Amino acid sequence: MPIDIPGWVRDAVFYQVFPDRFARSKRLMPPGPLEPWDAPPTTHGIKGGDLYGLAERLPELADLGITALYLNPVFASASNHRYHTYDYLAVDPLLGGDAALRELLDAAHARGMRVILDGVFNHVGRGFWAFHHVLENGADSPYRDWFHLSPAVRAHRRGLRAYPEATPSWEEVAADPRPYTSGDWSLDRLGYRAWWGLPALPKLNTGNPLVREMLWGVAEHWLRFGSDGWRLDVPGEIAEPAFWHEFRRRCRAVNPDAYLVGEIWQVEPEWLTGDRFDGLMNYPLLEAILSFVGGSSLNQELVAGHHELAQHVRPGDGAAFGRLLEELLAAYAPESNAAMLNLLSSHDMPRIRSLLSGDLAAVRVAVLLQLTLPGAPSIYYGDEVGLEGGNDPDSRRGFPPGSVGRDESLWMFHRAAISARRAHPALRSDRVSVAGAAGSAVALLRGGPDDPTAAGETLLVVVNAGASPAALELAVPELAGRELVPVVPGLGADPVPAPPRAVVVAPDGSATVRLPQRTGVILGPR
């Protein structure tokens, strides 16, 4: 099957927004007391960010170079993250309701920005109207087949325990989810299957044709409303591939340019064969970058406390990074690599600055790699100004409303790197090859005359992730006899490291690049 990727995605730079934590607007009156904006985030606290506030901040995001927004869930819910949906067809009133999303979409589109929404279709909140009907009526509810009820509930021998006195905490479940993921634990104790055993999250029965039609209708509704695609939450938990085949068909019928990206944490090429998603959240690339740039700055305690990072993040050198990068890119078609969502942080993990123990030089190296590799970069709100945060809920802090708490030099670095990506087709192209790797350094050849996606451009991205200066031998026959100079000297870093002197490539394609510690450079022919 041909792989049909929306043309705009290759050139996009995403900004992920957790709506409750980005910006409050004075236009929206809260219904009661809110958690203080600058207080440490709590599991249930509402800080009151809204979509009007986000719309008001679009000029700042445009200045940064952002061309697309990925919003965490916005639908009516009783949780601050809104993964506990109770009405898929209404934007949460705390965010400003449908009118606020309408204004945001119109304002974003007027600036040429796309907006994708977060679709949570595997499970709902226990306040979801159909589940509430089952709570009230038990096995007599006509919605009983929308969920997975135990035989005892269906036989009227017991009721549902949606609010048990003692339940495992999210931290306990995340530490060892195995007892909870099959659904048998919750089926026995609660009377219904719940996502990862959490009572607040009844699992939908997506094998029921009525449930499927309801969910497909939701996807179509918000695309018609004006959204530009969907990020799909835990799609692997909906076991029927046919569900996603039809989901894609319905979405593309409404909007042929709709971007569909799945939350898959591992390398799983079967999701990207043209019949389900366009891209995946590229956690494997994140883990490879973190393993490479972390070095002595890697916060091992934070890594060990995260259920996925603990399994995959291992300190490695430039050669190991180069090999892993080539393996990741070889796993997917070039078109799919161009549509991956390349992130360094998200709401589900510690922030990159905290993972690197506050080492901003290491953060800049990570950002440089993120913004010069195939795929659509995604910046988690606040990372561009150095916001810190550990594991959930600490990774969901309020965005600094003023200059206090912002690292302006890091913001400038992001803007310069985004600008370089936008200006140079080679940095958005398909071709990547390792031109040299030794110790803590690696050089990546981007584009080339034989890569039509590079528009004839050839560049080198060279980084030294180590704590000492490095001299790296290169093999770049594509650039034989050329003189290479930095295309963006310093990339806005503060302090600006001395850029390497012009690098002369010998007739045989050999060259040597010398870099200070914890720096990177983009080189191109003079």
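Student: Which residues is L71 in contact with, leaving aside its neighbours within four places in sequence?
Tutor: In this predicted model, L71 is in contact with V17, L51, L54, L101, L104, V115, I116, L117 and D118, once neighbours within four places in sequence are set aside.

Student: And which residues touch the most other members of the largest nonpolar core?
Tutor: Y15, L71, W230 and F247 do, in a core of 142 residues. Helix α9 gives the most to this core, with 9 residues. Another core lies apart from it, with 19 residues, among them V462, L474, V513 and L523.

Student: Let's stay with α9. How many residues does it have, and what does it reach from first C-alpha to last?
Tutor: α9 covers residues 209–225, which is 17 residues, and it reaches 24 Å from its first C-alpha to its last. That is close to the 24 Å expected at 1.5 Å a residue.

Student: Which of its residues are buried?
Tutor: The buried residues of α9 are V211, R212, M214, L215, W216, V218, A219, E220, W222, L223 and F225. You'll notice that R212 and E220 are on that list.

Student: What covers them?
Tutor: The cover includes strands β3 (75–77), β4 (85–91), β5 (114–119) and β6 (229–232), along with helices α3 (97–110) and α10 (241–254).

Student: What goes on at the start of α9, and what follows it?
Tutor: At the start, a side-chain oxygen of N208 reaches to within 2.8 Å of the backbone nitrogen of L210. After the helix comes G226, with a positive phi near 130°.

Student: How many bridges join β1 to β10?
Tutor: There are 3 bridges between β1 (residues 14–17) and β10 (residues 376–380), which run parallel. Among the pairs, Q16 has Y380 as its bridge partner in β10.

Student: And what about the sheet of 6 strands?
Tutor: This open sheet has antiparallel pairing, in the order β11-β12-β13-β18-β15-β16. Its edges are β11 (432–438) and β16 (503–504). Inside the order, β12 (residues 441–447) and β13 (residues 458–464) are joined by 7 bridges, with V461 of β13 as the bridge partner of L444.

Student: Now loops. Is H123 buried or exposed?
Tutor: H123 is buried, at 2% relative accessibility. Its place is the loop between β5 and α4 (129–137), and its side chain makes a polar contact of 3.0 Å with that of N122. Beyond four places in sequence, H123 touches Y83, Y88, W195, L201, P202, K203, L204, D233 and V234.

Student: What is phi for H156 and R518?
Tutor: Phi is near 65° for H156 and about 50° for R518. H156 is exposed, with a relative accessible area of 53%, whereas R518 counts as buried at 12%. R518 lies in the loop between β17 (510–515) and β18 (519–525).

Student: Last one: where does pLDDT stay under 50?
Tutor: Over residues 492–496, for which the model has 9 contacts beyond four places in sequence. Where pLDDT is low, the predicted coordinates should not be read in detail. For the protein chain, the mean pLDDT is 95, and 98% of its residues reach 70 or more.

Note on methods: Residues numbered from 1 in each chain as written. Predicted model: local features only at pLDDT ≥ 70, side-chain atom pairs only at ≥ 80, totals over all residues. Heavy atoms only, no water. Helix = DSSP H or I, 4+ residues; strand = E, 2+ residues; numbered from the N terminus. Expected span 1.5 Å × (residues − 1). Buried < 20%, exposed > 50% of the residue type's maximum accessible area, 1.4 Å probe, protein only. Contact = heavy atoms within 4.5 Å. Polar contact = N/O pair within 3.5 Å; in protein donor to acceptor, adjacent residues only side chain to side chain. Pairing = 2+ DSSP bridges. pLDDT = per-residue confidence, 0-100. Core = buried A, V, L, I, M, F, W, Y, C linked by side-chain atoms within 4.5 Å.
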